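Please keep the sequence and the structure open while reading.

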Amino acid sequence: MPKAKPEAPETYLVCTPIRLDENNTYYVVGYEPRAEMETAHHMLLFGCKEPGIKESIFSCGEMENGLTGTKNASPCKNGQKILYAWAKNAPRLDLPEGVGFKVGGKDSDVNYLVLQVHYASVDNIPEDGDTSGVVLKYTNEPQPRSAGVYFVGTRGMIPARSTTNMEAACEIKENKELHPFAFRTHTHALGRVVSGWKVSPSMEWSLIGKKDPQLPQMFYPVEDKSMVIRKGDTIAARCTMVSYRDRITWVGATAEDEMCNFYMMYWVEGDILNGEWCTSLGPPVYTWDRFLVGGGLRNIPDEEASSLA
Ligand code: CU
Ligand code: CU
């Protein structure tokens, strides 16, 4: 952060973009957070084709109030993808040996890095501003393996006073072998469990990871390090949401709305997938087991997918 000066707690998501060299490709092999828990609630590092606003600092978020004197936009104008997430006690993240996130240059989709900081408290910010951030460990040397983040999300709605499963499932159609090594979940206040699964063509389910989304929303290691996801396999995600509200909650960007997101960080020999995201219509239309408007999945581990045990 270029000495950000948020004035009130809880209200700010602040972004700062960095333009990458068009003539040089970089391989990011590690992320080292530099933030104070008392000041920053979370930090996300995005890769963008274009940043939300080309100014050194701007407001960027799911919150109504922005930083005084700045415009508000989403972190990226287009090509938004998450490269790293920090929250609370998240340690540094070193990618597996020989794995790098390809950024910059002409043949990566990432022309800008955008750092987003959510300020939790402003009491400890020095007089001349906050400099929270992430130190990138990178090299110019091409890495044999590439890292990517596959995003699964839903749209849809959660009825009043209900427990609702929001589900999505995406078949991998590219001829690549994905090795998942970390995952992240994201919901707002109603999320209780988010689980992500690999489903084979013969409907065999293996857990990529599950988490209580009310815990710090960082990347956690996957359970089974030997998992490989191939063409024809499906990545399935479910968010179990509990609402005591008297109103319907829709998927949307503000704290009044909800989200159901599952991120899978993976490595692959050579280049990452061309399509790195998929979303479903969500409830009440889409479910894992329905055909046509659903995932057409069988053998669903219903209980395990909605419990933390
Ligand atoms: Cu936060
Ligand atoms: Cu959200």
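A residue counts as buried when its relative accessible area is under 20%, as exposed when the area is over 50%, and as partly exposed in between. The model is predicted. By these limits histidine 42, at 19% relative accessibility, is buried, and histidine 41, at 45%, is partly exposed.

**Copper site**
- His41, His42 and His118 coordinate the copper ion (ligand 1), each through ND1, at 1.9 to 2.1 Å.
- The spacing of these donor residues in sequence is H-H-x75-H.

**Nonpolar cores**
- The largest nonpolar core has 81 residues, of which Tyr31, Phe101, Tyr150, Val152, Met264 and Met265 touch the most other members.
- Strand S21 (residues 261-269) contributes the most to this core, namely seven residues.
- This core lies between domain 1 (11-143) and domain 2 (149-305), because both give residues to it.
- Leaving out residues up to four places away in sequence, the contacts of tyrosine 150 include Cys170, Ile172, Ile235, Phe262, Met264, Leu273 and Trp277.

**Four-stranded sheet**
- Four strands form an open sheet in the order S14-S19-S16-S17, and their pairing is antiparallel.
- Strand S14 (162-171) and strand S17 (205-211) are the edges, each pairing on one side only.
- On average, neighbouring strands of this sheet are turned by 20° against each other, direction ignored.
- S14 and strand S19 (residues 234-243) run antiparallel and are joined by ten bridges.
- Threonine 164 has methionine 241 in S19 as its bridge partner.

Note on methods:
Residues are numbered from 1 along each chain as its sequence is written. Chains are lettered from A and ligands numbered from 1 in the order in which they are written. This is a predicted model: local features need pLDDT of at least 70, side-chain atom pairs count only at pLDDT 80 or more; totals for chains, interfaces and linings use all residues. Side-chain values use heavy atoms; hydrogens and water are left out. Donors are N, O and S atoms within 2.8 Å of the metal (3.2 Å for Na, K and Ca); water is not among the atoms, so sites may look incomplete. Buried means under 20% relative accessible area, exposed over 50%, partly exposed in between (1.4 Å probe, protein chains only). A nonpolar core is a set of buried Ala, Val, Leu, Ile, Met, Phe, Trp, Tyr and Cys residues joined through side-chain atoms within 4.5 Å. Helices (H or I, at least four residues) and strands (E, at least two) are DSSP runs, numbered from the N terminus. Domain bounds come from an automatic or database domain assignment. Contact means heavy atoms within 4.5 Å. Two strands pair if DSSP finds at least two bridges between them. Axes are lines fitted to C-alpha atoms, for helices over the stretch in contact, and angles run from 0 to 180 degrees between N-to-C directions.
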